[in-house]
Amino acid sequence: MFYIRMALTGFWRYRVRTALHLFICILSVLFLGVYMGNLDDTDARLKELSKKVPVRATVINLAGGRESGLFIKEPLYDGVMASPYVSEPDFTLELLGIKGKNEYTVLAQTSLKGYEDLFRSNEKKCVVTPDFLKEQKLKEGDTLSLDLKYYKLDTESHLSSFILPLETVSYQIAGVAEGENSAAQIMIPIETARESYRNQDIPFFASSGTFRVKEPLSLNAFKKEMDAVGFLEIIPQSKPALEGYALTVKDETFIRAAASIQESRKVLKTFFPAICAALLGAGLITSYLLGLGRRPEYVTRRMLGMPHADCMTVYLTEQGLTELSGAAAGCALIPLLTNADTSRALICSAITLLCYFTATLLTSTLFRKIPLH
C-alpha cells in the first residue's frame, strides 16, 4: 500500500505529465486497433467473397464437351457425396418408366426444391407433374407402378447407349412439382434408383453431376481430394466419349479476387514488426523524457534515505498504473472507433502495455547513474 500511496501522490503532483502519458498510451492502443481492424476487414472480405462468388464444379467427359447424358461411375459419385469440401450436390440419373403402352421420363435426383428430405433418402416415393397426375387419374398418396428401364453404355463405341429392363417398381406419390421444379414427368430420389440397380446386380452410374465447393479458400485441398477420388483433368485432344471422368471447376473469378485481397493482407502483416518497433520506440522516448523530469525527485528521496529499490518500485508502480489505465481505456474505445472486435482490442492493449512497460523498465536504468553529491 505504501507504493500505491506514493504513486497516487505522484499522479497529482505530476498530473499534467501523467495526463499526457495516459493520452499517448490511449492513442497508441487506438492506432494498433485501426491496424488490427484492417486485418480483420480483409479476413471478412475473404469470407464474404466465398458467398458472393461461389465456386461450382461440374462432372464432364474427358474431351470437355458434354455435361449431361453421361455415365459417371459409382466411386466418383460416392467420392463427391462424401467429401467435406462439397455442398449442394446435384446429381441426376436418367431412366425410362413404362406404364401400359406409354413411356415416361423418370429422373432420379439428389435434391428437389421443397422435397429436400425425401430426395436425401432412399424411400420408395416419387414426385410427379400435374399433367401426369391428370393423365393417369391419380392423386397424391396413391401408388404408382412402373416398369423401369435403364441406359447402358455401348462399351465398343463409347458414344451411344441402349435401353434395357431394370425392374418393376411401385412408388407412392409424395407430391406434385410444377414449373422449373419439374425436370421430368416422374422424379425419384437417386438412392432409391441405386437400390434398383443393386437389386439386379447392375453397375450404378449417374447421368450428370454439379456441386458447389463448400470452402473456396480451401481449393487446393478440395482439388487434391478430387484427384484422390479419381477425377481427371480435361484433355481436349481425347476422343469424345460418354464416360464422365473429368471435373471442371469454375474458379477463375474467385481466384483473381481472392489473390488481390490476400495480397493486401500479406502487405498489412509485413508491417506488424515495424508497428511494434514504433510502439517500443514511442515508449522509450516518452519514458526517457518523463524520467529526466523525475531525476531531482529521485535524488531528494535518496538523500532522505530511501533505498534505490524503493525509489524504483514507486516510479515503476506510477508509470505502470498510468500505462495500464491507458491500455484499458484504449481497449474500451477500440470497438467503438475501429473495425476491431473485443478480442482484438484486448490483444492491442496487451501489446501496447508490453511495449510501453518494457520501455519504462529500460529507461529506469538511467536513475542508477545519477550522482547524489
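1. A contact here means heavy atoms within 4.5 Å, and helices (H or I, at least four residues) and strands (E, at least two) are DSSP runs, numbered from the N terminus. The model is a predicted one, in which local features need pLDDT of at least 70 and side-chain atom pairs count only at pLDDT 80 or more, while totals for chains, interfaces and linings use all residues. Residues are numbered from 1 along each chain as its sequence is written, and side-chain values use heavy atoms, with hydrogens and water left out.

2. On confidence, pLDDT is the predictor's confidence in each residue, from 0 to 100, and its mean over the chain is 86, with 93% of the residues reaching 70 or more. Confidence is lowest in helix 1 (residues 2–13), where the mean is 63, and highest in strand 9 (residues 205–206), at 96.

3. Turning to the overall form, the chain has twelve helices and eleven strands, and its C-alpha atoms fill a box of roughly 120 × 50 × 30 Å, taken along the principal axes. The radius of gyration, taken over C-alpha atoms, is compared with a globule rule of 2.2 Å times the number of residues to the power 0.38; a compact globule of 373 residues would have a value near 21 Å, but the chain has 36 Å.

4. R17 lies in helix 2 (residues 15–52), and R17 and N122 are 105 residues apart in sequence and 77 Å apart in space, C-alpha to C-alpha. R17 is partly exposed, with a relative accessible area of 38%, where buried means under 20%, exposed over 50% and partly exposed in between (1.4 Å probe, protein chains only).

5. Buried residues make up 43% of the 373 residues in the chain. Among contacts between residues at least 6 apart in sequence, 80% join residues at least 24 apart.

6. Helix 6 (residues 190–199) deserves a look of its own, and its buried residues are I190, T192, A193, R194, S196 and Y197. What do the buried residues of helix 6 pack against? Their partners are helix 3 (74–82), strand 3 (86–99), strand 4 (102–109), strand 6 (143–153), strand 7 (161–176) and strand 8 (186–189).

7. Most residues other than glycine have a negative phi. D201, which comes just after helix 6, has a positive phi of about 55° although it is not a glycine; D201 is found in the loop between helix 6 and strand 9 and counts as exposed, at 70% relative accessibility. K137 is also not a glycine, and its phi is a positive value near 55°; K137 is found in the loop between helix 5 (130–135) and strand 6, and it is exposed, with a relative accessible area of 76%.

8. G114 is found in the loop between strand 4 and helix 4 (116–119), and it counts as exposed, at 58% relative accessibility. G114 and G175 are 61 residues apart in sequence but 9.5 Å apart in space, C-alpha to C-alpha.

9. As for charge, Lys and Arg count as positive and Asp and Glu as negative, while His and the chain ends are not counted, and the place of a charge is taken as NZ of Lys, CZ of Arg, CG of Asp or CD of Glu. The mean positions of the 41 positive and 40 negative charges of the chain are 13 Å apart.
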